[in-house]
Structure formats: structure tokens, C-alpha cells
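Trainee: I would like to work through this structure with you. Could we take it one question at a time?

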There are 2 protein chains.
Amino acid sequence: MRIAIDTMGGDAGPAAAVQGAAAAVLARPELQADLFGPGDRLSDELKNLPRHLAAAGSHLSVHHAPSLIRQDQRPTDALRRGGDTSMAMMLKHVATQGAVAGVSAGNTGALMALARRELGTVADIPRPAICTAIPTRGDGRCYLLDLGANVDVSAKRLVDFARMGEVMARHVDGIAAPRVALLNVGSEGTKGSNAVREADALLAEVGALNYIGFVEGDGIFAGSADVVVCDGFVGNAVLKASEGLARMLIERVQATFDSHWSSRLVGMLARPALRRLKSELDPVRYNGASLLGLDGIVIKSHGSADATGFSYAVLRAAQEVSRDLPARLALELGGRN
Amino acid sequence: MRIAIDTMGGDAGPAAAVQGAAAAVLARPELQADLFGPGDRLSDELKNLPRHLAAAGSHLSVHHAPSLIRQDQRPTDALRRGGDTSMAMMLKHVATQGAVAGVSAGNTGALMALARRELGTVADIPRPAICTAIPTRGDGRCYLLDLGANVDVSAKRLVDFARMGEVMARHVDGIAAPRVALLNVGSEGTKGSNAVREADALLAEVGALNYIGFVEGDGIFAGSADVVVCDGFVGNAVLKASEGLARMLIERVQATFDSHWSSRLVGMLARPALRRLKSELDPVRYNGASLLGLDGIVIKSHGSADATGFSYAVLRAAQEVSRDLPARLALELGGRN
């Protein structure tokens, strides 16, 4: 199973992507990773792989891409002039069936635009949604979508998101009848935006869907749904705010331990536990996000993901390939209109 | 300074409100609290005040209200039939200048509707916004609004929120030139909803405002702005999700300590520090939220606030009274059209 990797998207150069790909192929030896980026730099990275990853070398191959998409580059510009970049060449490799999935930690807007052009979408989905798994209480997880690709969406698009998220949870995670919910404001006072109320009525009519109605923001982490659907503006705000809050909380836990002499010892003893938590609690950085609705598999890794975070994104791609996600989406959403 | 208290709004009966009011008047002895609720129950609560609050008795007086607004009651129903409830009588007391501010932990929609009818709004604000202070990194705070009173809002309303939040931060918190930001999705890919982009252009034209442009969700907790403005749907989702995440994180920190024999001792030693954190990190439960834009002062306490949480809401009301917030809003927003 061959995965194409854009190594030049992350904030800290290609090392995290190359080492992440190496860790992934060691974890799943049926994987091959095709690395896109400047040939010389990638060869150097491969030569200097840390000892525990060195055995991955035979599963990694370098594909020279002279240029890269910048984080601030506009999607339209990426479409026009991005042809020789690691991101575009990686996607073209997937489109021409050189690989079965692609992974990038780069500019989300450019990735969305290029992936849509190279791969197209399934079942008349006009534009993919971004979707990631959020950790919930009781060690569960919940798919949240859309995370920013689609703002000001209509009720009909919210229904698309619900159906795509449901297919993902059912086929990729093996949940028999995923509980699907619409994110809404408290039932007190207002009853939500027009699009959400209309989507609620539409979802109640979709026969095969285990639609459980509205959840509020805290319901995402409560584990009360397997798929939570919202406008991309809302999902992006919720996800990024959660990221910021998690970072602040971990800092404060650490600071609390460090600031009192009586707990300084406790703090030292607690450090390994805190380190474990830190990685658990940063869902964005430690899971990949799927571009759901593409006729192909593309995973967005977090821009500041380290090698471990990037390896999860590669393994996520492999998992979606195993479950044949785009074909499932095409089949189940095909009859929606 | 006399504050009117609806004692029947909270999830757990009037004890938290009565004891919270008692704690507040002990902290600020110039306060008097007029307690609204069933006379017999409130007299019992006063007789049975915990010893450390007993000295508050002379600052508390009972105002009999036979009925109450239920959590699931619709605002229209509260307007029509709520006349003899503790919430409506408390607000009428404020409107007739029996008290200078009101506090309730009850049904937000009903509180908004009744407060608007009894007190009206300032400077042609069509509908108040809900606003609370969020803790940020580096021990700062940031006002977030709207938190759910106004969904699907226009750019003009976002500008109102910005101006109201700015007046609050300047006059109540004494910040000379509060940094005001608009919540938006990542600059990558999309540039936000139509209303947000339009509001951005309008805010850049407001001369006296220290408008710093867009922040993403993580910017709320990063301390990069003093006021962050968004649609009520988005703000509500962000706030409730943050509440859910904070609760999950605290549980996990505790569970991490409890689950390994080597860290069980650490966990026991860490318990007081965790307890301190828990209260710090639950902004909603531990601060009141202001109904900003009313021609009067009404603070919403969290429905599940304990006595400490409720006392903060009462003290928040007193602080807004001291700074003459509604008059400031009327003056500064009056010339806005």
C-alpha cells in the first residue's frame, strides 16, 4: 500500500514528515511511502534517520519536487502556479494512481483546492468537508465536521456532512449505527440558526440515519454522539478554541505544581503523567484530519505536528484505504438526490 | 447598594443563591441583597445559614414570590404568564428602582425576554448580548460575546457587540485602550462568513476603537485580545465546548494520577492543587455573564453554580453598578447611528 507524502508542508521543515512516514511504515510494514520534496534535502533526511527508524529506509523513496506551497499562499495562486510544488506533485501522484492516498501538513486552503482539482469529489458533493476525531470522556471519540472548509452553509450541506461523517464512523471505525447529532445553541432562548433548524427537519426524514437531534458544545466532549455536524465557521472556532484551552490548561497544571514548595516535588513526580496527557489532549496536533467527500484519500496533518503526530496522519490514511472509504461514500451518497 | 436576587433559578434550589448572596455581602459590606422566592423557604434558608455566613443576615431581606420560571419554559410563555415568578418580580424590583442590579441563575431565554421588557435597552440596541470574561494565558481575561442571545447576526450587530465589549473592558476593568478582535476561521482557505468580512471593514472605520483585526479560536485563550466578538451561535458553541473540554481534562488529570501505583501517592498529594485548578478553569460556572446592552444591570449566574459561583455573579453586578455601566453604554453608543 503506497502513500504519497508532501514533506514540505509542516512548520519545521521536512524532518517531522520524513520521520513520521518512517515510523508509520515500521508500524505497518505493508506500507510504502513516496516522499515529495527537494531531492537533496530528503536524501539527507533519509541518511540521517534516527537509529530506531533506520530500518524503514527500504520502504521510503524520494520524489524530487523543486518548489513548495507557502502557508500564506492563496488557493487560487496555488492552483495557477503550484504545479512543481511538493503538494501538487504529491496529489498528482495520487490522481494518476501512483499511490492510494496522500498526506500533507501544508496550507489547508491550497490542499483543498488542489485536491479537489486533481481528484474530484464523489456523489455530487460540491466541496469536501474537513473532519477529525475528537477525544471524548470515557476514552471515546467523536467525529466533528466541517472544520473550516465550508462557511455560511445551507441546510442541505449540513445533511451532506452528516451522511459523510456517518459513513466514516460506520465503515472506518466499525460502529454499527453511529449516533449523528447537529451542533446547536442551548434550547433556552433561541433555537439556533435557520440553516440548523432546517437541517434538523431534513435529517429527521433520512430513514437509515441514527439521527439523535441537537447537542450543545459540551456534548462534543461528553461522548453523547459519534458524529457532530456544524458549519465550518463554527467547527473551526470550536476546534481552535479547544486547542488553545488545552494548551492553557496543561500549562496551568504544570505551573500549579511548580509554584508551591509543597507541590514542587509532586510536580517533578507528575511530569511523565503530564507529558502523556499533553499528547492525548491535543487532538488536532495528534490526529490527522480527513478531506471527506473527495474521490480519493487525502489527510491533513497539523502544521506543527511532530514526527509522532505526522505518523498518525499516515496511519489514518492507510486505515481509510483499507476500508475503501471513497467507494463507500460514492455508493451510499450516490442516491441522495 | 441594593442587589435583587432571583433565588429560584439554579439547578439545586435556593441554597446556592442565598448563601452566595450572603458571601457577597460579607465581602462587600455596602451591599444589601433582596432575595426573591417562596417566603417560607427563604426564611428557612436564612435561619439555617452556615455559621461563617451567619453575620450576613442583617444585609439580606426576603421578598415573597410564589412561583418560578422553569428551565424549559419558553420566553413567550414567561412573558405572558410569569408575572408572579421570582425572576419577573426580581426584575420588576430593578425596573422600579427598588434595587440597582439583578442576578439570576435561571432560564437564559426567559431572563433575556423579561429583562428586555422591564428595563429596555440603551442606544437603540435591539437586543442585549451575553458576555462573560474568559481566563487567558498569563492570568489575563478576555470578554467573549455574544454567547447565544443573537444568532445569524448582521455585520452591524457584530459592530455593536464590539463597541459594547470595548466600553465594558474600558470602564469596568480600567483598560485604557482594550484590544478588540473579530473571531474568524484560519486565513487559509476561506476568509470567513460574509457578516464577519463586512464587520471587519466596518470596524476598521470606527475611529476611537483599538480594533486589531481577526483572531482564530485559539486566540481567545492566548490573551491576544481583551474583547473577542462573534455571532451568538459561534460564541455559545465555543463556550460550551470549552466547558466540556475543561471538565474532561480535569477528570483525565485525576484519572492519570489514580491509575498507576507509582503516581497514586502523587495524585493524593496533588488533589488540593487540582481542586484549585478546577474552579479556575470553569469560567462559566465561576463568573457571571452580563446581559450587555440593557438599560440596567442584570447578571446571569450559571445554572449549576455553587454558592461561591453565585457570589461572584453578585459581586460582578456590584462592580458594574460602581462603574455605572448602562450610562456609559448609553453615552458612548448613543451617537453611533
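Trainee: Which residue does B:Val180 stand opposite in E8(B)?
Mentor: This is a predicted model. Start with the strands: E7 of chain B covers residues 180–183, and E7(B) pairs with E8(B). B:Val180 faces a residue of E8(B), and that residue is B:Tyr211.

Trainee: In which sense do E7 and E8 of chain B pair, and over how many bridges?
Mentor: Strands of a sheet pair through backbone hydrogen bonds, either parallel or antiparallel. For E7(B) and E8(B), the sense is parallel, and the number of bridges is four.

Trainee: Which strands stand at the edges of the open sheet in chain B?
Mentor: The sheet has eleven strands with mixed pairing, in the order E3-E2-E1-E4-E11-E10-E5-E6-E9-E7-E8. An edge strand here has a single partner strand, so one side of it is left without a neighbour in the sheet. The strands at the edges are E3 and E8 of chain B. From one strand to the next, the twist averages 25°.

Trainee: Which strands of chain B does helix H2 lie across?
Mentor: H1(B) lies across E1, E2 and E3 and runs at about 175° to E2(B). H2(B), residues 39–47, runs at about 165° to E3(B). The strands that H2(B) lies across are E2 and E3 of chain B.

Trainee: How do H4 and H5 of chain B pack: roughly parallel or roughly antiparallel?
Mentor: Two packed helices are described by the angle between their axes and the distance between the axes. For H4(B) and H5(B), the angle is about 30° and the axes are 9 Å apart. Angles under 35 degrees count as roughly parallel. That makes H4(B), relative to H5(B), roughly parallel.

Trainee: What is the handedness of the crossing of H4(B) and H5(B)?
Mentor: Look at the residues that meet. H4(B) brings several, including B:Met87, B:Leu91 and B:Val94, to meet residues of H5(B), among them B:Leu111, B:Leu114 and B:Leu119. The crossing of these two helices is right-handed.

Trainee: Now chain A. At roughly what angle do the axes of H4(A) and H5(A) cross?
Mentor: H4(A) covers residues 86–95 and H5(A) covers residues 108–119. Residues that meet include A:Met90 and A:Leu91 in H4(A), and A:Leu114 and A:Ala115 in H5(A). The crossing is right-handed. The axes come within 9 Å and cross at roughly 30°.

Trainee: To which strand does H4(A) run at about 165°?
Mentor: H4(A) lies across several strands of chain A: E1, E2, E3, E4 and E11. The strand to which H4(A) runs at about 165° is E1(A).

Trainee: In E9(A), which residue is the bridge partner of A:Leu144?
Mentor: Eleven strands form an open sheet in chain A, with mixed pairing. In chain A, E6 (residues 140–145) and E9 (residues 227–229) pair in the parallel sense over three bridges. The partner of A:Leu144 in E9(A) is A:Val228.

Trainee: Is A:His302 buried or exposed?
Mentor: A:His302 lies in the loop between E11 and H12 of chain A. Its side chain makes a polar contact with the side chain of A:Glu243, at 3.0 Å. A polar contact of 3.0 Å also joins the side chains of A:His302 and A:Ser304. The relative accessibility is 16%, so A:His302 counts as buried.

Trainee: What distance separates the C-alpha atoms of A:His302 and A:Asn107?
Mentor: Along the chain, these two residues are 195 residues apart.

Trainee: Which side chain does the side chain of B:Gln73 join in a polar contact of 3.0 Å?
Mentor: B:Gln73 sits in the loop between E3 and H3 of chain B. At 9% relative accessibility, B:Gln73 counts as buried. Not counting residues up to four places away in sequence, B:Gln73 touches B:Leu68, B:Ala78 and B:Asn107. The polar contact is with the side chain of B:Asp77.

Trainee: Which residues of chain A is B:Asn236 in contact with?
Mentor: B:Asn236 lies in helix H9 of chain B. At 8% relative accessibility, B:Asn236 counts as buried. Leaving aside neighbours within four places in sequence, its contacts in chain B are B:Asp146, B:Leu147 and B:Gly148. Those in chain A are A:Asn184, A:Val185, A:Gly186 and A:Glu216.

Methods:
Residues are numbered from 1 along each chain as its sequence is written. Chains are lettered from A and ligands numbered from 1 in the order in which they are written. This is a predicted model: local features need pLDDT of at least 70, side-chain atom pairs count only at pLDDT 80 or more; totals for chains, interfaces and linings use all residues. Side-chain values use heavy atoms; hydrogens and water are left out. Buried means under 20% relative accessible area, exposed over 50%, partly exposed in between (1.4 Å probe, protein chains only). A polar contact is a pair of N or O atoms within 3.5 Å; within protein, one must be able to donate a hydrogen and the other to accept it, and residues adjacent in sequence count only if both atoms are side-chain atoms. Contact means heavy atoms within 4.5 Å. Two strands pair if DSSP finds at least two bridges between them. Axes are lines fitted to C-alpha atoms, for helices over the stretch in contact, and angles run from 0 to 180 degrees between N-to-C directions. Angles under 35 degrees count as roughly parallel, over 145 as roughly antiparallel, 65 to 115 as roughly perpendicular and the rest as oblique. A crossing is left-handed if the near helix is turned anticlockwise from the far one by less than a right angle, and right-handed if clockwise.
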